[in-house]
Amino acid sequence: MNGATTGKKTKISQASFDEVVRENVEELGMDRKEAIEDAIETLTLQGVDLSGIVTSDTPHPVIVSLNKLKQCVHIESLGTLLDDFALVCGASDASSSAIATQNGGVETLTSICSKVSTSSDSKLIISSLSALSCLLCDVHSNEAFARCGGPDIVVAIMSSIQQHQAESVDLLNACFAVVAAAATGSEILKESFVNLNVDHLIINAFNHIPAGSIPPSLYDAIRALLTSDDHRVAASQVFGYARRFAKLGIADALARSLCQDLTSPSLVSACVALKAVAVNDDICRSVADKGGIDAVLRCIDDSGEHYNKAVARSCCSLLSKLAGSDQNKSTIVEKKGMDRLIRLSSRFEDDPSVIQEEQEI
């Protein structure tokens with residue numbers, strides 16, 4: 001090979017990599033270690049993406065754990081195996097999820113989620129969903145999730161507990177974590193979840209769960225579903241989804257959530273979610289009518305007092321979006337919003353990221 005290639009990298013299977021190593025040993029007389037090193041160097045120069053490929057003779061702990069899950073025939077043993085798998089994925093290097101995906105991890109875990117979905121053991125379902133969400137981190141894993149009917153399985157689990165959501169917050173949190181991970185960067189999966197009426201499940205959660213107990217991943221799911229982040233498509237449908245969400249009452253529910261729980265650890269996520277929904281003048285004004293601007297200004301005051309940069313940035317960013325409405329601009333001024341922002345800027349004068357968000361208002 002004369003030089004490295006440019007552009008999009010190609011993927012190969014584990015079998016293809018192993019075949020290159022075998023040829024180096026049998027045809028070129030290399031020892032095993034040298035053969036592996038040469039295969040890595042050659043394929044990398046050829047522009048091959050080796051993420052997810054095991055390049056060592058030592059059995060990878062993720063594959064060992066995954067194989068145990070594949071071979072498990074007793075549902076009683078699944079809980080421990082799933083927890084072990086999640087632990088191994090978390091403890092290993094960043095390539096662990098890619099290795100699991102390359103070796104059928106998404107298909108295996110999606111199948112397990114389907115099998116346990118009707119179980120009375122909610123902890124087992126949560127473990128299955130949590131292990132699955134660990135793997136949904138790139139295009140390849142998300143495509144595998146779509147191919148094996150993942151959205152239908154997750155939505156079916158959430159639908160089965162609609163009447164008991166207040167008692168099933170942990171299970172809902174695990175479900176929405178999968179939605180958030182799967183929808184990130186995938187227009188196809190955003191569309192799948194919306195077509196399955198995930199917005200109805202979201203508003204149902206807001207209506208039946210106290211503000212302080214809303215699953216954190218619900219906010220992440222809203223953000224993922226309404227963010228245009230799939231660069232493979234020319235035009236995203238997320239603007240239409242946001243209007244649909246708002247029409248159903250999700251923007252108003254997010255505004256109420258902000259007003260009712262200003263000290264929530266999910267405050268930043270809630271602000272990001274509300275910003276994603278507030279896509280036009282009508283929605284922005286509706287949020288203001290529900291007390292959203294009051295809540296954001298109080299959060300801005302609190303973030304300055306407690307020197308919380310993350311909250312300051314997210315609240316300023318949300319206020320900037322709401323100020324897209326001329327009526328809201330007047331409301332912000334009437335509530336001495338500019339004075340409060342000046343105080344905030346003096347508190348964070350050494351942080352350009354906060355100042356930049358303020359200047360957008």
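**Exercise 1.** Does E143 count as buried, partly exposed or exposed?

Solution. The model is a predicted one, in which local features need pLDDT of at least 70, side-chain atom pairs count only at pLDDT 80 or more, and totals for chains, interfaces and linings use all residues. Residues are numbered from 1 along each chain as its sequence is written, and side-chain values use heavy atoms, with hydrogens and water left out.

Step 1. Recall the classes: buried means under 20% relative accessible area, exposed over 50%, and partly exposed in between (1.4 Å probe, protein chains only).
Step 2. The relative accessibility of E143 is 35%, so E143 is partly exposed.

**Exercise 2.** Identify the side chain that meets E143 in a salt bridge, and locate both partners.

Solution. Step 1. Apply the criterion: a salt bridge is a side-chain nitrogen of Lys or Arg within 4 Å of a carboxyl oxygen of Asp or Glu. This rule gives a count of 16 salt bridges.
Step 1. E143 pairs with R232 at 3.1 Å, N to O.
Step 2. Because E143 lies in helix α8 (residues 139–147) and R232 in the loop between α13 (216–225) and α14 (238–248), the pair ties together parts that are 89 residues apart in sequence. Helices here are DSSP runs (H or I, at least four residues), numbered from the N terminus.
Step 3. R232 is partly exposed, at 46% relative accessible area.
Step 4. R232 also forms a salt bridge with D230, at 2.9 Å from N to O. D230 is buried, with 6% relative accessibility.

**Exercise 3.** Which residue forms a salt bridge with D199, and which helices hold the two partners?

Solution. Step 1. The partner is R244, with the closest N and O atoms 2.7 Å apart.
Step 1. D199 belongs to helix α12 (residues 198–208) and R244 to helix α14, so this bridge ties together parts 45 residues apart in sequence.
Step 2. D199 is buried at 1% relative accessibility, whereas R244 is partly exposed at 30%.

Terms used. Helices (H or I, at least four residues) and strands (E, at least two) are DSSP runs, numbered from the N terminus.
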